[in-house]
Amino acid sequence: MINLHGHYRYFGTYLLLVIALISTLLFAGCDALSGDDEADDADTLYIYSWGDYLDPEVITQFEEETGIHVVLDEYDTNESMYPRVKEGATTYDLICPSDYMIQKMAENDLLQPLDYDRLPNAKKYIGKAFLKQAESYDPGNRYSIPYCWGTVGLMYNKKMVGGDVDSWSVLFDPQYKDEILMQDSARDAFMIPLRLMGNSMNTKDPEELEKARDMLIAQKPLVQAYGVDDIRDKLASGEAALGVIYSGEAIHLLKANPDLGFCAAPKEGTNLWMDGWVIPKTAKHVENAHRFIDFLCRPDIAAKNFEALGYSTPNPAVEDLEADDMDEEEREIAFPDESTYTGQETYQYLGEAVDKLYTKLWLQVKVE
């Protein structure tokens with residue numbers, strides 16, 4: 001009689017050995033693949049930045065010089081970026097927020113301090129005046145390196161507006177009814193009446209903010225539109241007399257329409273904004289992030305980005321590289337005298353309660 005149980009027992013043992021062998025090989029293969037993935041991933045840098053805020057050629061050059069592969073995601077506002085980073089939906093190594101958002105991220109323990117021993121170009125080339133300005137939102141420059149900066153200014157059509165413009169008050173002049181373009185942004189909109197009243201653009205005083213709201217509501221019949229990118233297009237085509245724009249857009253607009261003029265800093269004062277590079281606390285490629293920041297601080301690389309973006313750079317060495325290719329008006333916008341920005345305020349994070357108040361009051365302006 002054939003011992004079927006014996007055959008099954010030996011077959012079962014054999015089968016278990018085969019399964020064990022296959023499993024070992026599979027796991028070994030997986031480990032090898034995992035090791036390869038980790039090795040490949042070690043030469044990667046995950047960046048989260050504004051749209052069109054890095055010259056593609058700069059990224060390519062960094063990859064060629066370092067062997068580090070850059071993966072770039074983009075966002076359109078600080079407010080859309082923040083929850084994604086806070087919730088940890090995706091792990092990024094490097095982010096480029098604005099001034100007040102850098103402060104907010106630091107206060108909410110989302111950032112790690114920079115290692116300046118890894119940033120020799122930043123220490124050598126970033127202007128001291130800009131580092132000092134950045135301390136208003138990042139004391140000690142602990143978490144951020146300035147990248148681009150500018151002001152919120154006034155662009156005007158010289159054929160439609162008499163004389164030079166140097167005051168925010170022109171935006172409240174009834175003779176320009178339906179010829180005024182305002183930024184669709186609570187902070188940028190409220191900044192204007194606050195400065196006209198002599199108040200800080202970083203005020204937390206509800207009474208001051210309510211008075212600013214009332215001024216904006218009174219101005220509303222004069223406003224053709226509240227916008228963002230469309231302001232640039234309307235000014236270029238001569239569809240409006242006046243518009244609130246960022247200084248980085250001014251150079252392109254002056255080239256597009258020679259009838260335009262620009263006031264970078266109205267006499268009542270304006271916002272001097274700064275965007276800077278920060279490393280999230282959850283970053284996995286910290287060394288690569290430092291290498292990219294320092295790469296961007298090289299004068300030749302900063303000049304490439306300036307040429308592509310048009311926004312002013314906190315790297316004074318770029319002016320020597322670019323000045324010969326710019327006319328006087330362009331130089332004054334891109335590389336203004338220090339008096340243009342000395343003493344100007346930079347937006348600060350005002351806390352959740354004041355953020356909600358701004359949102360509430362801005363909504364009242366829009367729906368009035």
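Student: How many residues lining the largest pocket are nonpolar, polar and charged?

Tutor: In this predicted model, the lining divides into 17 nonpolar, eleven polar and 15 charged residues. Asp, Glu, Lys and Arg count as charged; Ala, Val, Leu, Ile, Met, Phe, Trp, Tyr, Cys and Pro as nonpolar; the others as polar.

Student: Which element gives the largest share of that lining?

Tutor: Helix 16, with seven residues. This helix spans 352-367, and other elements that supply at least two lining residues include helix 3 (78-87), helix 10 (247-256) and strand 9 (272-277). Helices (H or I, at least four residues) and strands (E, at least two) are DSSP runs, numbered from the N terminus.

Student: And which residues lie nearest the centre of the largest pocket?

Tutor: Trp50, Asp76, Thr77, Asn78 and Tyr246, out of 43 lining residues. A pocket is an open set of points on a 1 Å grid where a 1.4 Å probe fits, with protein on both sides within 12 Å along at least five of seven lines; lining residues have an atom within 4 Å of a point.

Student: Take Trp50. Is Trp50 buried or exposed?

Tutor: Trp50 counts as buried because its relative accessible area is 17% (buried is under 20%, exposed over 50%, with a 1.4 Å probe and protein chains only). Trp50 belongs to strand 1, residues 44-50.

Student: What is Trp50 in contact with, leaving aside neighbours within four places in sequence?

Tutor: Glu74, Tyr75, Asp76, Thr77, Asn78, Cys96, Ser98 and Asp275. Contact means heavy atoms within 4.5 Å. The side chain of Trp50 also comes to 3.0 Å from the backbone oxygen of Cys96.

Student: How many residues apart along the chain are Trp50 and Asp76?

Tutor: They are 26 residues apart, yet 5.8 Å separates their C-alpha atoms.

Student: New topic. What does the whole chain look like in helices and strands?

Tutor: There are 16 helices and nine strands. Of the 368 residues, 50% count as buried. Among contacts between residues at least 6 apart in sequence, 75% join residues at least 24 apart.

Student: Back to pockets. Which element gives the most to the lining of the second largest pocket?

Tutor: Strand 8, with four residues. By class, that lining has eight nonpolar, two polar and five charged residues.

Methods. Residues numbered from 1 in each chain as written. Predicted model: local features only at pLDDT ≥ 70, side-chain atom pairs only at ≥ 80, totals over all residues. Heavy atoms only, no water. Polar contact = N/O pair within 3.5 Å; in protein donor to acceptor, adjacent residues only side chain to side chain.
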